[in-house]
Amino acid sequence: MITATCTSTAQSERLWSLVSDVERWPDMLPTVTSVRALRPGVPGDPLELGSRFEVRQPGLAKAVWTVTDCQPERRFTWLARSLGVVTAATHEITTAGRGCRLELTLDWSGPLAPLVRRVYGARVARMLEVEANTFAHRAQSA
C-alpha cells in the first residue's frame, strides 16, 4: 500500500470541498490531465456511492473509477479495474489540532498487482505526495 499524508491549517470542510470536487482536479493538480463524469447529460456529477469517472493522468493508462464508499466531509474510496489488477484509492480527512489531516492511500490487488507495484509504485508514490501537498496548500490559501 502507498500512503501520502499531509496536515493543513484549513478547516476540514474547506479541504473536503477541494478533494471531493474530482472534476476540477485537472485545474488543481499537475498529476491529473482530465476527469470526466460518466453520467451522460448530468454536468457536475456529485461524488456519491456508485458515481463513475474517467480519469487520465500523465504516464498512466486511462482509468474508470467507481466510488465504492463515500462519507461526505470525511472520506471516499473508489476502485479502478483493468486486466488482472484492481486499484483502490482512498482520500480521508480527519481533524488534527486546529486544522486537519489528509491521507491518500492507493493499493493494487489481483494477479498482476506485484508487477504493477514494481513498475508504477515509485511514480505513484510521488504523485500521491504532490496531490496531498497541493490539496493542503490550496485549502490554506483560500
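**Entry 1: salt bridges**

I started with the rule I would need: a salt bridge is a side-chain nitrogen of Lys or Arg within 4 Å of a carboxyl oxygen of Asp or Glu. I also noted that this is a predicted model.

Next I turned to Glu54. Its side chain meets that of Arg36 in a salt bridge, at 3.2 Å from N to O. Glu54 sits in strand β3 and Arg36 in strand β2, so this pair ties together parts that are 18 residues apart in sequence. Glu54 also forms a salt bridge with Arg56, where the closest N and O atoms are 3.7 Å apart.

Is Glu54 buried or exposed? With a relative accessibility of 10%, Glu54 counts as buried. Its two partners read otherwise: Arg36 is partly exposed at 46% relative accessible area, and Arg56 is partly exposed at 38%. I then followed the shared partners and found that salt bridges join Arg36, Glu54, Arg56 and Lys62 into one network.

**Entry 2: the sheet**

I traced the strands next. Seven of them form an open sheet with antiparallel pairing, in the order β1-β7-β6-β5-β4-β3-β2. Which strands are at the edges? They are β1 (2-8) and β2 (34-37), and each of these pairs on one side only. The twist from one strand to the next averages 20 degrees.

A reminder to myself: strands of a sheet pair through backbone hydrogen bonds, either parallel or antiparallel.

I went back to the network with the sheet in mind. Strands β2 and β3 (residues 52-56) run antiparallel and are joined by four bridges. In that pairing, Arg36 has Glu54 as its bridge partner in β3. I liked this one, as the side chains of Arg36 and Glu54 also meet in the salt bridge I noted above. Ser34 has Arg56 as its bridge partner in β3.

On to the next pairing: β3 and β4 are antiparallel, with four bridges joining them. Phe53 has Trp65 as its bridge partner in β4. In the hairpin of β3 and β4, six residues lie between the strands, and Gly59 there takes a positive phi near 80 degrees.

**Entry 3: helices on the sheet**

Helix α1 (residues 12-19) lies across β4 (63-71), β5 (75-82), β6 (85-96) and β7 (99-109), and runs at about 160 degrees to β6. Helix α3 (residues 113-141) also packs on the sheet, where it touches β1, β6 and β7. The direction of α3 makes about 5 degrees with that of β1.

**Entry 4: Thr87**

What does its side chain meet in a polar contact? The partner is the side chain of Trp108, at 3.2 Å. Leaving out residues up to four places away in sequence, I listed what Thr87 touches: Trp65, Trp78, Leu79, Ala80, Leu106, Asp107 and Trp108.

**Entry 5: aromatic rings**

The structure holds six aromatic pairs. I looked up Trp25 and Trp78: their ring centres are 5.6 Å apart and their planes are at 75 degrees, so this pair is edge-to-face. Trp25 lies in helix α2 (residues 25-28) and Trp78 in strand β5, so the pair ties together parts that are 53 residues apart in sequence.

Trp16, Trp25, Phe53, Trp65, Phe76, Trp78 and Phe135 form one aromatic cluster. Among them are Phe53 and Trp65, the bridge partners from Entry 2.

Methods:
Residues numbered from 1 in each chain as written. Predicted model: local features only at pLDDT ≥ 70, side-chain atom pairs only at ≥ 80, totals over all residues. Heavy atoms only, no water. Pairing = 2+ DSSP bridges. Axes fitted to C-alpha atoms, helices over the stretch in contact; angles between N-to-C directions. Contact = heavy atoms within 4.5 Å. Polar contact = N/O pair within 3.5 Å; in protein donor to acceptor, adjacent residues only side chain to side chain. Buried < 20%, exposed > 50% of the residue type's maximum accessible area, 1.4 Å probe, protein only. Phe/Tyr/Trp six-rings, centres within 6.5 Å; stacked < 30°, edge-to-face > 60°.
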